[in-house]
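User: Hi! Could you walk me through this model?

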Amino acid sequence: MPAFIRPATTADEPALSRICLLTADAGVTWAFLLVDKHPEEREHEEVVGYCIGSLDTRVFEAAASERWWPPLRVQYGPLLESNRLAERPLKQADRTYIDTILNCAPASDAQIRFSPAHLHINVLPSHQSKGHGRQLIGRAMQYLKEKNIAGVWLQMDPRNVKAAGFYSRLGFGPVEGTSPSVVGITVKQWEEKWGELRNEPSH
């Protein structure tokens, strides 16, 4: 099943939101999309994955605290109130994600010492286990190299054994001074494992 990578634009926000809902992740300041059509056929494409992140996590956190979290807290916070009946009972996963919205902790100083940049990646099940995840992160690493960022980290659900194995195979490792859910990789480590990053067409 062919797939292609291209930079995201503001017009892609609905597609990013859809994948966030289907794969339980969010957050953007830069993004590369995995699409099922060649860029020349963009009118008929479907977005099937993404790699998104921020070059400066502290700036991202400040912007999110000001503009992104408040409306979400207003929208979802009341659902956790014991004296309010929801239209349908909340699942535990819903409660966990709402709690994250209400109490999102900033990145630790240890994470920032490793790198100011962080990323998230999600690929729909139809396009998983086909090498697209590595291609997406490779494109992100190329971008980070172009921006003179030495590495990147991400935080995952420690219960997601499949994801942990994926990141380990790519070369991500523990970040000193952080929880086991945080893993990172430097541009140098990526190139040692996967070869020199070059400005090549994304496909």
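Predicted model: local features only at pLDDT ≥ 70, side-chain atom pairs only at ≥ 80, totals over all residues.

User: Thanks. Is strand 4 buried or exposed?

Analyst: 6 of the 6 residues of strand 4 (residues 118–123) are buried, so the strand is largely enclosed by the rest of the structure. Buried means under 20% relative accessible area, exposed over 50%, and partly exposed in between, using a 1.4 Å probe and protein chains only. Strands here are DSSP runs of E with at least two residues, and helices are runs of H or I with at least four, both numbered from the N terminus.

User: Which residues sit on each side of strand 4?

Analyst: His118, His120 and Asn122 are on one side, and Leu119, Ile121 and Val123 are on the other; all are buried, so both faces are covered.

User: And which strand does it pair with?

Analyst: Strand 3 (residues 47–54) pairs with strand 4 in the antiparallel sense, over 6 bridges. Two strands count as paired if DSSP finds at least two bridges between them. Within this pairing, Tyr50 stands opposite Asn122.

User: Now the core. How many residues does the largest nonpolar one have?

Analyst: It has 29 residues, and those with the most contacts inside it are Cys51, Ile137, Met141, Val152, Tyr167, Phe172 and Trp190. At least two residues each come from strand 2 (30–35), strand 3, strand 4, helix 5 (132–146), strand 5 (151–155), helix 6 (161–170), strand 7 (182–186) and helix 7 (187–194). Helix 5 gives the largest share, 6 residues. A nonpolar core here is a set of buried Ala, Val, Leu, Ile, Met, Phe, Trp, Tyr and Cys residues joined through side-chain atoms within 4.5 Å.

User: What does Ile137 touch?

Analyst: Not counting residues up to four places away in sequence, Ile137 touches Cys51, Ile121, Phe166, Tyr167, Leu170, Phe172 and Trp190. Contact means heavy atoms within 4.5 Å. There is also a second, separate core of 6 residues, which includes Val35, Val47, Tyr50 and Ile52.

User: Switching to rings: how many aromatic pairs are there?

Analyst: The whole structure has 7. Rings of Phe, Tyr and Trp (its six-membered ring) pair if their centres lie within 6.5 Å; planes under 30 degrees apart are stacked, over 60 edge-to-face, and the rest tilted. One of the pairs is Trp68 with Trp69, tilted, at 4.8 Å centre to centre and 45° between the planes. Trp68 is partly exposed at 34% relative accessibility, whereas Trp69 is buried at 12%.

User: And Trp190 with Trp194? What does that pair look like?

Analyst: That pair is tilted too, with 6.0 Å centre to centre and 40° between the planes. The two are 4 residues apart in helix 7, so they are separated by about one helical turn. Trp190 is buried at 2% relative accessibility, while Trp194 is partly exposed at 34%. Elsewhere, ring pairs link Trp30, Phe32 and Tyr143 into a cluster.

User: How many disulfides?

Analyst: The structure holds 0, where a disulfide is a pair of cysteine sulfur atoms within 2.5 Å. Cys51 is buried at 0% relative accessibility, and Cys104 is partly exposed at 35%.

User: Where is Ser129, and what is its phi?

Analyst: Ser129 is in the loop between strand 4 and helix 5, and its phi is near 60°, a positive value in a residue other than glycine. Most residues other than glycine have a negative phi. Ser129 is exposed, with a relative accessible area of 74%.

User: What about Asn148? Where does it lie?

Analyst: Asn148 lies in the loop between helix 5 and strand 5. Its phi is near 60°, and Asn148 is exposed at 72% relative accessibility.

User: Last one: is Glu61 buried or exposed?

Analyst: Glu61, in helix 2 (residues 57–76), is buried, with a relative accessible area of 18%. Leaving out residues up to four places away in sequence, Glu61 touches Pro106 and Ala107.

Conventions. Residues numbered from 1 in each chain as written. Heavy atoms only, no water.
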